[in-house]
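Here are my notes for reading alongside the sequence and the predicted model. Please keep the 3D view open and work through the numbered points in order.

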Amino acid sequence: MQHPAERSPLGKSSAYIATYSPEQLFPISRAPKWAELGLSADTLPYHGVDIWNCYELSWLLPSGKPVVAIGEFSIPADSPNIIESKSFKLYLNSLNQSVFDSRDALAKVLTYDLSAAAGKPVGVRLRTLDEVAQEGVVPPAGQCIDELDVSIEHYDSPRAQLLSCDPEHQTQEWVHSHLLKSNCPVTGQPDWGTVIIGYRGAALDRGSLLAYLVSFRQHADFHEQCVERIFLDLQRLLQPEWLTVQARYVRRGGLDINPCRSTRSESPDNGRLVRQ
C-alpha cells in the first residue's frame, strides 16, 4: 500500500522557489495512522503538540534588507493533518526573497498558512538569534538509561512485549534515552532522537524500556507516530496516573520536530538539546 507521503515532494528532486509559495505545503492526514494504532479523532487518549523549530528562516524588509530569525511552530496533536517535512522546508524557503513589512506581518502569514494545512490553529513564534542563544542548551529531564548493561536482539519493529514493570511497586519518575532511532517511511533516511518519559504508576523495568526503544531502530514511520506508539504501549502496560512521552529529534534541512503526548494538558518545554 502506498504511503500518503509518496505523493509529497519527499524523496524527489524539487525546485527551490525563493518567493512566497504557500502551495508548497503538503498536508498528510493523521487518520490512517490513528486507525493503525486503534485510535480515531474522537478517542485520542492524550493531549499533545508537535513543536517544530526552524533554523533557516529569512525574508526581506521593504528596504530590501534580509532578516534572519528562528521560528517555533506548535501543531496540535489532534489536528487532522501533519505537514510533510520537505514541503514545510520548501514553503519556508519560498520566503527568502519575499518582502514583509515586519516580523509580526510574517507571523500572521505563517499562522494562516500553517493552520490551513494542519486543519487547526498553529502557534507561531519568531525569535531573534540572541533570544535563542541566551537560552543555551539544556539537559533532558530525568535519569539517562543508556548505560544499562542489557542484551539487545531486536531492531526491526517496535516490540511492546519487551516492556515489563512491577505492579506492586508504584513510583513517579522521569527517564530519558538518546538511543531512539527510526527511519523515514519514504526515503529510508535515519531519524535520530532523544526520548523523555515521565509517569506515575507501576515501576518500569528500565532495561526492558531500553530494549523496547532500541527495537524502533529499523522501524519506518514518522516522528509523530513513533511517539504515539511509545505512549500507547506504556499506557497499556503501566495504567499510570499520568504519563508523558516527548521526543526531541535531530534537525534535518534546518528543521527539528519534537512531538509530545501526555495525559496532562500543560505545554512541554522546548529547550534545545545538545544534538539539536
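1. Arginine 30 is buried, and aspartate 50 is buried as well. The side chains of these two residues meet in a salt bridge, with a nitrogen-to-oxygen distance of 2.9 Å. Because arginine 30 sits in the loop between S1 and helix H1 (31-36) while aspartate 50 belongs to strand S2, the pair ties together parts that are 20 residues apart in sequence. As background, side chains of opposite charge can pair when their charged atoms come close.

2. Arginine 261 also forms a salt bridge, in this case with glutamate 228, and the closest N and O atoms of the two are 3.0 Å apart. This pair links distant parts of the chain, since arginine 261 is in strand S10 and glutamate 228 is in helix H6, 33 residues apart. Both arginine 261 and glutamate 228 are buried. Which residues are linked with them in a network of salt bridges? The network consists of Arg30, Asp50, Glu228 and Arg261, and the structure as a whole holds 17 salt bridges.

3. A further salt bridge joins arginine 200 to glutamate 241, with 3.2 Å between the closest N and O atoms. Here arginine 200 lies in strand S8 and glutamate 241 in the loop between H6 and S9, 41 residues apart. Are these residues buried or exposed? Arginine 200 has a relative accessible area of 36% and is therefore partly exposed, whereas glutamate 241, at 60% relative accessibility, counts as exposed.

4. Strand S10, which covers residues 255-262, is mostly covered, as 8 of its 8 residues are buried. Leu255, Ile257, Pro259 and Arg261 point one way from the strand, while Asp256, Asn258, Cys260 and Ser262 point the other way. S10 runs antiparallel to strand S2 (residues 47-60), to which it is joined by 8 bridges, and valine 49 stands opposite cysteine 260. S10 also runs antiparallel to S9, with 3 bridges between them, and threonine 244 stands opposite serine 262. S9 and S10 form a hairpin with 5 residues between them, and glycine 253 in the turn has a positive phi of about 60°.

5. The largest nonpolar core has 32 residues, of which Ile197, Leu209, Ile230, Leu234 and Val245 touch the most other members. At least two residues of this core come from each of strand S7 (165-183), strand S8 (190-204), helix H5 (206-214), helix H6 (223-238) and strand S9 (242-249). H6 gives the most, with 7 residues. A second, separate core of 25 residues includes Ile75, Ala117, Ala118 and Val122.

6. Why is helix H5 described as largely enclosed by the rest of the structure? The reason is that 8 of the 9 residues of H5 are buried, and the cover over these buried residues includes S7, S8 and H6. The N-terminal end of H5 is capped by aspartate 205, which has a side-chain oxygen 3.3 Å from the backbone nitrogen of glycine 207.

7. The buried residues of H3, among them Leu106, Leu110 and Leu114, pack against elements including S2, strand S3 (66-76) and helix H2 (85-93). H3 is followed by glycine 119, whose phi is positive, near 90°.

Terms used
Residues numbered from 1 in each chain as written. Predicted model: local features only at pLDDT ≥ 70, side-chain atom pairs only at ≥ 80, totals over all residues. Heavy atoms only, no water. Core = buried A, V, L, I, M, F, W, Y, C linked by side-chain atoms within 4.5 Å. Buried < 20%, exposed > 50% of the residue type's maximum accessible area, 1.4 Å probe, protein only. Helix = DSSP H or I, 4+ residues; strand = E, 2+ residues; numbered from the N terminus. Contact = heavy atoms within 4.5 Å. Polar contact = N/O pair within 3.5 Å; in protein donor to acceptor, adjacent residues only side chain to side chain. Pairing = 2+ DSSP bridges. Salt bridge = Lys/Arg side-chain N within 4 Å of Asp/Glu carboxyl O.
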